[in-house]
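Have the 3D view open as you read.

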2 protein chains.
Amino acid sequence: MAANSQFAMAVHILTMLARSGEENIKSEYIAGSVNTNAVVIRRLLGQLSNANLVVSQTGAFGGTRLARQPVEISLCEIYKAVCCGEVFALHPKSPNQDCPVGKNIEAFLCNLQKEIDNSVGEKLRQYTLHDVIAKIELAYV
Amino acid sequence: MAANSQFAMAVHILTMLARSGEENIKSEYIAGSVNTNAVVIRRLLGQLSNANLVVSQTGAFGGTRLARQPVEISLCEIYKAVCCGEVFALHPKSPNQDCPVGKNIEAFLCNLQKEIDNSVGEKLRQYTLHDVIAKIELAYV
DNA sequence: GTATTTGTATCAAGAAAGGTTACAAAGTAG
DNA sequence: CTACTTTGTAACCTTTCTTGATACAAATAC
């Protein structure tokens, strides 16, 4: 399976929007920077819109802009908006319930999964889009 | 077959081995508990063997046993032994280097990726195979 | 009305994981 | 030495996910 880079692309997209303020940005333009197809961008924008992170407009002079200030959007929100996945997956088939290990390992792993996810969420909550811009601007001064 | 469940299966395998002490366990037997094919188990055991977590023997009465005591094997080591993947992937194609965002976002995301991975590693380092057994035994008393 | 842009639907290509069969190599027992 | 057992791999198939691409209806501006 191809690796999931939706979070990386979503951060890229939102960083572009953050730098453009109230101006509407076209998916075609963003696609040029992310180096992909405009439909890929629009699909991601759809998810970000569902999460109330962006606002879109159809029609001529339409496009997308942030729904909130960059300082009010954490990377954790972005992660949750586009990543349905967990850090690791559970067993593809349920383990053998007649084995004491098989019977109980799933519950353990499921709890562990949640614990790790919380840990990742906490880390991501430390950064906002504003921080991303700050770091990137520094990088090319 | 959705996401990567190698870590989940590896923990399951090692828990089985941990409960059997010095005894050699056959891949066929483990496969019965994990509910998969013996070759899938042997593939994982190969990775765990490369990481010096288990020792295998071919031939009659062969099989696999832990290379160390359960208390000396952390979940972090297991994770690193079987997961080549990161929590999130970077851009599939390199972003447009003519765009200030495209030019600098990769470095930022790469650092973030490492930071998150460290965070996950730290969390997993808190648990050993011994802890897993303790929790599982409790679960079915 | 015409041009533009989003929002979707649909399809194809490629990658990764898991499952399966097959078999050589290594080891044990007698 | 012979027969048997088990690991270690290779090869192949199927399923599933992600990305990329084309197409077109709906919405909006002038």
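## Helix α2 in chain A

First, a word on terms: helices are DSSP runs of H or I with at least four residues, numbered from the N terminus. Keep in mind, too, that this is a predicted model. Just past α2(A), N35(A) takes a positive phi of about 70°.

Now the helix itself, which covers residues 27–34 of chain A. Which of its residues are buried? They're S27(A), I30(A), S33(A) and V34(A). Looking down the axis of α2(A), you'd find these buried residues within an arc of 120°, so they line one face of the helix. What do they pack against? Their neighbours are α1 (6–19) and α3 (38–50) of chain A, together with α5 of chain B.

## How the two chains meet

The contact between the chains involves 48 residues of chain B and 48 residues of chain A. On the chain B side, α1 (6–19), α2 (27–34), α5 (100–125) and α6 (129–139) each supply at least two residues.

## A hairpin in chain B

Strands β1 (residues 54–57) and β2 (residues 63–66) of chain B pair in the antiparallel sense over four bridges. V54(B), for one, has L66(B) as its bridge partner in β2(B). The two strands form a hairpin with five residues between them, and G59(B) in the turn has a positive phi of about 85°.

## Up against DNA strand D

Around DNA strand D there are 36 residues, and the closest are S5(A), T36(A), G59(A), S56(B) and A60(B). Elements giving two or more residues to this surface are α3 of chain A, along with α2, α3 (38–50) and β2 of chain B. Which element gives the largest share? That's α3(B), with six residues. By class, the surface near DNA strand D has twelve nonpolar, 19 polar and five charged residues.

Terms used: Residues numbered from 1 in each chain as written. Chains lettered and ligands numbered in written order. Predicted model: local features only at pLDDT ≥ 70, side-chain atom pairs only at ≥ 80, totals over all residues. Contact = placed C-beta atoms within 7 Å. Buried ≥ 20, exposed ≤ 12 C-beta atoms within 10 Å, placed from the backbone. Arc of directions from axis to C-beta. Pairing = 2+ DSSP bridges. Near = placed C-beta within 6 Å. Nonpolar A, V, L, I, M, F, W, Y, C, P; charged D, E, K, R; others polar.
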